Structure formats: structure tokens, C-alpha cells
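Hi,

Here is the model I promised to pass on, with some notes on what turned up in it. Have a look at it first, and then read on below.

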2 protein chains.
Amino acid sequence: MGRDRRDTRRDMVLSAVEVLRERGADAVTLDAVLSRSGAPRGSIYHHFPGGRSEILSEALEFAGDAIAVRIERVAEAGATAALRDFSVFWKKILHDSDYTAGCPVVSVAVSNADEDGAQLAGRARDIFERWCDAMRRALVGDGLTPRTAERLATMVIASVEGAVVLCRARRNMAPLDDVVEELGLLIDAEKFLARNKHPRQRASTDKDRS
Amino acid sequence: MGRDRRDTRRDMVLSAVEVLRERGADAVTLDAVLSRSGAPRGSIYHHFPGGRSEILSEALEFAGDAIAVRIERVAEAGATAALRDFSVFWKKILHDSDYTAGCPVVSVAVSNADEDGAQLAGRARDIFERWCDAMRRALVGDGLTPRTAERLATMVIASVEGAVVLCRARRNMAPLDDVVEELGLLIDAEKFLARNKHPRQRASTDKDRS
DNA sequence: GTCTATACGAAGATAGAC
DNA sequence: GTCTATCTTCGTATAGAC
């Protein structure tokens with residue numbers, strides 16, 4: 001339990017994250033992780049007694065946590081800053097990978113595999129929840145009501161994640177640029193409505209809630 | 001080339017679409033398609049000489065085309081109607097599958113597999129493009145400028161697609177409800193800006209375009 | 001800790017019988 | 001058209017040597 005685990009184990013997790021981003025959960029095979037990380041085959045069950053399942057789970061956790069921490073940190077600077085930082089993060093991923101890499105959490109969420117797939121899906125849910133919550137706090141700090149902030153935070157995460165998928169498909173940054181610009185307008189609009197205390201009519205009536 | 005292909009072949013494609021929605025592209029195995037459709041094993045290479053690759057390709061095409069036609073049809077009734085219809089479509093998919101099914105095009109886009117994966121990714125791009133274009137025309141019909149309409153159309157597709165992913169993860173409709181409501185506000189805001197001819201300052205300067 | 005060897009199953013694809 | 005082998009490859013996992 002010391003910290004003699006350094007290179008090999010960490011490299012394997014990072015490689016698993018890469019594969020997860022580029023080719024989805026099903027593509028995170030032991031061979032793929034080994035060839036990427038250069039780790040020796042004999043190290044697999046030494047570092048990960050749970051085998052592939054454990055590697056995949058840890059990769060998801062690692063990647064989701066890193067992004068969550070990032071959002072939470074910059075959220076104190078306000079929603080606009082958080083949105084900008086979130087966007088910059090994905091643009092770097094997209095650019096550095098030449099549009100072959102996307103969001104690892106989305107990858108897990110859309111491949112509801114069999115057995116441990118349910119457990120992974122649950123973790124994906126928690127990670128998304130954490131991202132939304134950090135963004136929501138940033139929006140509350142900007143003066144929005146809790147309910148509006150929650151709705152808008154979901155909008156930010158959903159639209160950026162969707163844009164990342166579109167950017168991969170189109171192999172350019174246009175969708176993310178478009179979404180960020182519209183989100184900026186939307187945040188301003190919500191702030192305006194909040195300042196002027198105009199409880200505009202909403203389309204939905206808060207039914208269908210969980 | 002007649003039309004004696006009826007049950008078996010079509011059933012296989014429909015089953016492939018289901019698997020694609022629920023478990024991603026890699027999960028579209030011949031066994032999965034056969035067990036779902038009930039088709040006989042010997043029919044595979046009779047109906048699909050290209051094997052698995054051909055089945056997957058046709059499933060993507062079939063699903064993407066159906067949605068494109070749907071958007072294009074309702075787009076004539078305006079952007080708000082198109083958004084509502086698009087949302088209703090996904091809510092039905094989510095509800096009927098108990099949140100186990102999502103967008104088949106996203107599934108393909110995030111699993112950039114090796115060989116024919118590149119070809120599939122190209123098809124996914126075309127399908128997204130077609131969806132965005134139909135939504136863009138609806139927005140132009142509502143009085144928005146071409147550039148604003150294009151940006152907002154991308155926003156609609158991206159945010160709804162992202163919301164579908166979040167709905168699957170959370171197993172409820174809240175993300176989609178939130179996104180649709182915010183999109184309604186955004187469409188109204190853009191219409192207002194267009195009507196009042198206020199060329200507001202934009203954050204981006206149209207660089208980084210493809 | 002890392003290596004090799006091996007077992008086992010899943011999956012794609014082909015050949016030939018019916 | 002459909003079925004039954006069969007081949008091959010790949011991926012997970014284990015055992016035992018070094």
C-alpha cells in the first residue's frame with residue numbers, strides 16, 4: 001500500500017483513458033492498454049487484480065475526477081470563466097488528438113455493456129452530476145436562482161458534450177465555437193431576466209421530474 | 001434487385017439499430033443481430049455479402065435517414081415545432097427503452113474503430129450535417145440570419161444529443177426537459193435580436209473556422 | 001515484478017451439405 | 001435460402017518459471 005506503484009500502473013490507467021476517449025469502452029482491451037503504455041504483460045494482474053474491469057473503472061474515475069476538479073476550481077471565478085475553461089479543455093483534447101478523441105464519460109455512458117456495465121454507468125452518472133453541480137454553483141454565484149442555475153448548468157454540460165461529439169464527426173471546432181457563443185448569450189439572457197425579476201412563463205411545468 | 005427481400009433482411013437491420021442504440025457500435029455483433037431478429041445464421045452473408053461491416057453501415061444509414069426525414073418534414077412548421085418534435089422523438093426512445101437506448105449516430109461517432117470505422121465516421125458526419133441543415137432552414141424560416149441560424153441549429157442538435165446522453169446516465173428526462181426549455185428561451189432571444197437589428201458584439205471572431 | 005505458455009470463450013468468416 | 005461444421009483471430013484469464 002505504499003507508493004512504490006508509479007510508472008507502470010499509472011501509465012496503464014492513462015493509456016486506458018486515451019483508448020476510452022478515442023475508441024470507446026469496448027475498445028479498452030488489455031492488449032490496447034499494454035501496447036499504448038508499453039507496460040509488460042505480466043503486470044496486468046499484479047497491478048489490477050480485477051483485470052480489465054478494474055482498469056476500465058479506474059480510467060473512468062481518473063478522467064472524470066480530473067475534469068470535475070478543474071471545473072470546481074475555476075467555478076469560483078464565475079460561470080463565464082468556467083464555461084470558457086471547460087471549452088478550452090475540450091478544444092485541447094480535440095486538437096491534440098486531431099479530432100480522434102472525445103469525452104471518456106460519454107463513451108462509457110453510451111456503451112451500456114452487460115455485467116459491470118451497469119456499475120460503470122452508475123459512475124458515469126455520478127461524474128456528470130458532479131460536473132453539473134459545479135457549474136450550477138458557478139451560476140448561482142452569478143446571481144441566478146437555484147432552479148434556473150440547475151437548468152442552465154445542465155444545458156452547459158449537455159451542449160458542450162454534444163458539441164464535442166459533433167466536432168469529432170466534422171473534424172473541426174465549429175460546433176464547439178457555436179455552442180459556446182450561444183451559451184454566452186444564454187447566460188447573459190438568464191442573468192438579465194434574474195436581475196429584472198421577470199418571472200417569465202416557462203414552457204414546462206416541472207412535471208416529469210425524478 | 002427485386003423486392004423479395006422483406007422480413008429477414010429488414011428485421012436484421014432494425015435489430016442492428018437497436019443494438020447500436022443500446023450498446024454502441026462494437027456491440028453490434030452478428031450474434032447480437034441474429035438473436036434479436038430471430039434471423040437464421042445462414043442468412044447473414046446471403047443478405048449482407050459484406051458481413052458485419054455492411055449490417056452496421058446500413059443500420060447507421062437507416063436510423064440517421066429516418067430522423068433526418070422527420071426533421072426535414074416538421075421543419076416547415078418552424079423551428080419551435082421542429083425542436084419540440086425532435087425532443088419528443090428522443091423522449092420516446094428513452095422512455096420505451098427504460099433509458100437503455102440513445103442516439104445510434106452518437107454511438108458510431110464516439111467509437112472510431114480502425115478500418116471501416118473511418119468510413120462510418122464519415123457517414124455519421126454527413127447525417128449530423130443533414131440534421132443541422134434541416135434545423136437551420138427552419139430557423140431561417142423564422143427570420144434569423146443564415147449565420148445565426150446555422151450557429152443556433154448546431155446548438156440545438158448538440159445540446160439535445162448531449163441531453164440524451166445525460167438522460168441515459170441519470171435515467172430520467174430532466175436533462176432533456178432543461179435543454180428544451182433553455183433552447184426555447186434562446187430561440188426567442190435570437191428572434192428578438194434579429195427583429196431589433198442589434199448586431200450585438202460576438203465573443204468569437206469567426207476564426208478557427210474550417 | 002515480469003516473463004512465457006496455455007486454456008477458454010467469443011466473434012467474424014468460409015465451405016459444403018441440405 | 002438456410003443449416004452445420006470449421007478455421008482463424010482476438011481477448012481475458014491463469015499458472016508457473018525466472
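**Where the two chains meet**

Helix 8 (residues 146-170) of chain A packs against helix 8 (residues 146-170) of chain B with their axes 6 Å apart and an angle of about 110° between them. Axes here are lines fitted to C-alpha atoms, for helices over the stretch in contact, and angles run from 0 to 180 degrees between N-to-C directions. That makes the two copies of helix 8, in chain A and chain B, roughly perpendicular (65 to 115 degrees; under 35 is roughly parallel, over 145 roughly antiparallel, the rest oblique). Helices (H or I, at least four residues) are DSSP runs numbered from the N terminus, as are strands (E, at least two).

On the chain A side, the contact includes Thr154(A), Met155(A), Gly162(A) and Arg170(A), and on the chain B side it includes Thr154(B), Met155(B) and Gly162(B); contact means heavy atoms within 4.5 Å. By class, this helix 8 pairing has 10 nonpolar, six polar and one charged residues. For the classes, Ala, Val, Leu, Ile, Met, Phe, Trp, Tyr, Cys and Pro are nonpolar, Asp, Glu, Lys and Arg charged, and the others, Gly among them, polar.

Before going further, the ground rules: this is a predicted model, where local features need pLDDT of at least 70 and side-chain atom pairs count only at pLDDT 80 or more, while totals for chains, interfaces and linings use all residues. Residues are numbered from 1 along each chain as its sequence is written, chains are lettered from A and ligands numbered from 1 in the order in which they are written, and side-chain values use heavy atoms, leaving out hydrogens and water.

How do the two chains relate? Chain B superposes on chain A by a rotation of 180° with 0.0 Å of shift along its axis (RMSD 0.1 Å), which is the relation of a two-fold axis. The same surface serves both copies, as 100% of the contact residues of chain B recur in chain A. The superposition is by least squares on the C-alpha atoms of residues with pLDDT of at least 70 in both copies.

**Inside the chains**

In chain A, the axes of helix 5 and helix 9 (residues 174-195) come within 11 Å and cross at roughly 170°, so helix 5 and helix 9 of chain A are roughly antiparallel. Their contact divides into seven nonpolar, three polar and three charged residues.

Helix 5 (residues 79-96) of chain A also holds Asp85(A), whose side chain makes a polar contact with that of Arg70(A) at 2.7 Å (a pair of N or O atoms within 3.5 Å; within protein, one must be able to donate a hydrogen and the other to accept it, and residues adjacent in sequence count only if both atoms are side-chain atoms).

In chain B, helix 5 (residues 79-96) and helix 7 (residues 117-141) have axes that come within 8 Å and cross at roughly 145°. Phe86(B) and Trp131(B) are among the residues in this contact, which has nine nonpolar, no polar and no charged residues.

**Around the DNA**

DNA strand D is surrounded by 15 residues, the closest being Leu30(A), Tyr45(A), Arg52(A), Pro40(B) and Ser43(B); a residue is near the strand if one of its heavy atoms lies within 4 Å.

Happy browsing!
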